[in-house]
Amino acid sequence: MANQTQQQNNNSNQQILNGLDDQLPILSFLKRPKNKNLKQSLNSKQYDQQNCEYQIEVINHKIIDKQFTIYQIKVTYGSLYWIFQTRYSLLEGLHSKLNKEVIKQLAKFPEKRLFGNMDHNFVQKRKNEIHQYLKSLIQYGKNEKPVKDFIKQSQKAAIEINDPCELKHFKLDL
């Protein structure tokens, strides 16, 4: 008899919660998923990054000791992103490893200059050209081995990584 009364109370409480979900969306996380496979897929990192494409942008630059320029680049994949720094010469090395058919599809690689390469206008122009080049590289060359290696290495060399899937669950103090 006690079990039957407790089961009725549980059913009644569940109906109340279900009714509140429509009014208070913040409570929707309290509902248990009916499909266990759904729960597993929600815990997967791939859920947040399904069908995502890489995005890349040059977010900053800095001239070091009036000798060379460092470019800060942000790579985004779904909700994951990382920021790394690189030099023009390293990007030039990547460019030289690419297939000629891929190179034809890419934005023009920025020119090399021996003198005047620390000039503010030149550095700004080169930053914009690198940005356009990298965007086209990700669009047209993403399946090339040197590009895949570049992406992997950039993540290893990251100075900042934001991976929401790695956030630990925390306990609320109520």
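In helix α4, L90 and S96 are exposed. The model examined here is predicted. The buried residues of α4 are Y88, L91, L94 and H95. Seen down the axis of α4, these buried residues fall within an arc of 115°, so they line one face of the helix. Several elements cover the buried residues of α4. Among them are the strands β2 (68–77) and β3 (80–87). The cover also includes the helices α5 (100–105), α6 (120–140) and α7 (145–156).

H95 was then considered on its own. This residue sits in α4, which spans residues 88–96. H95 has a relative accessible area of 18%. Buried means under 20%, so H95 counts as buried. Its neighbours within four places in sequence were left aside in listing contacts. On that basis, H95 is in contact with I103, F109 and Y133. V147 is 52 residues from H95 in sequence. In space, the C-alpha atoms of H95 and V147 are 9.2 Å apart.

The protein chain has seven helices and four strands. Along the sequence, their pattern is α-α-α-β-β-β-α-α-α-α-β. The chain has 174 residues, and 26% of them count as buried. Its accessible surface comes to about 13,300 Å². Carbon and sulfur atoms account for 49% of that surface. Contacts between residues at least 6 apart in sequence were also examined. Of these, 54% join residues at least 24 apart.

Methods
Residues numbered from 1 in each chain as written. Predicted model: local features only at pLDDT ≥ 70, side-chain atom pairs only at ≥ 80, totals over all residues. Heavy atoms only, no water. Helix = DSSP H or I, 4+ residues; strand = E, 2+ residues; numbered from the N terminus. Buried < 20%, exposed > 50% of the residue type's maximum accessible area, 1.4 Å probe, protein only. Contact = heavy atoms within 4.5 Å. Areas by Shrake-Rupley, 256 points an atom, 1.4 Å probe, with all protein chains shown as cover. Arc of directions from axis to C-beta.
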